[in-house]
Amino acid sequence: MNNSAFISNIMMTRDNSCCFTGHRSIPRDHIDPLRRVVEDSISYLYKKGYRNFICGGALGFDTLAAQTVLRATEHNREIKLILALPCRNQTERWVSTPYFDAAAAIREYQRIRGLADYVVYVNDFATPDCMKQRNQYMVDHSSACIAYRDPVVWKSGTAQTVRMAEKSGLEIINTFTILRGK
């Protein structure tokens, strides 16, 4: 299998691509420090040759990561935001919670999708395993993973994606443990 592909005008290889995975719920007091850690992680990987940053389009950390990548592109057009979405109707089941206003979250999702350099739909419609397929797609197309994963949480899509990344030999930067170490 060829390890590289042209997506639009983007040269994407595993070696120059990083994916994100993280929990949907982020404590409010983590948001600003987390944003700074993600900025630092993107800068670190950029210096190592990474140019493509793949986000899964979910609520919480995925949104924060995509917003941070978009801010980085304002200063460096070499950085590209790739969205790997599980299905075209991803936001259909989003509902308001104490952490999210669904209408505002959907507007932000649409804004990010419109600004992304490329959007990949892993499936046309939701399936029982479309999220897992999206996560595997991101891991298969990356050599690094910036995560926001609480190490005590084992049953989550984030934990599953980090395990996939570990098994595939990706460099993993866990922003959760970096924040806890400060």
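**Close-up views of a predicted model: spaces and rings**

**Figure 1. Lining of the largest cavity.** Thirteen, written 13, is the number of residues that line the largest cavity, and Gly57, Ala58, Thr63, Tyr109 and Ile112 lie nearest its centre. Helix H2 (61–75) and helix H3 (102–115) are the elements that give two or more residues to this lining, and H3 has the largest share, with 5 residues. Helices are DSSP runs of H or I with at least four residues, strands are runs of E with at least two, and both are numbered from the N terminus. This is a predicted model, in which local features need pLDDT of at least 70 and side-chain atom pairs pLDDT 80 or more, while totals for chains, interfaces and linings use all residues. Residues are numbered from 1 along each chain as its sequence is written, and side-chain values use heavy atoms, without hydrogens and water.

Figure 2. The largest cavity holds about 70 Å³ of space. A cavity is a set of points on a 1 Å grid over the protein atoms alone where a 1.4 Å probe fits but cannot get out; lining residues have an atom within 4 Å of a point. The volume is the space filled by probe spheres set on the points, which are joined across faces, edges and corners. By class, 8 nonpolar, 2 polar and 3 charged residues form the lining. Asp, Glu, Lys and Arg count as charged, Ala, Val, Leu, Ile, Met, Phe, Trp, Tyr, Cys and Pro as nonpolar, and the others, Gly among them, as polar.

**Figure 3. The largest pocket.** The volume of the largest pocket is about 340 Å³. A pocket is an open set of points with protein on both sides within 12 Å along at least five of seven lines. Its lining has 16 residues, with Ile31, Gly60, Thr63, Tyr99 and Phe100 closest to the centre. Helix H1 (28–47), H2 and H3 each give two or more residues to this lining.

Figure 4. The structure holds 5 aromatic pairs (ring centres of Phe, Tyr or the six-membered ring of Trp within 6.5 Å; planes under 30 degrees apart are stacked, over 60 edge-to-face, the rest tilted). Phe20 and Phe53 form a tilted pair, 6.2 Å centre to centre with 40° between the planes. Phe20 lies in strand S3 (residues 17–22) and Phe53 in strand S4 (residues 52–55), 33 residues apart. Phe20, Phe53, Phe61, Tyr148 and Phe176 form one aromatic cluster.
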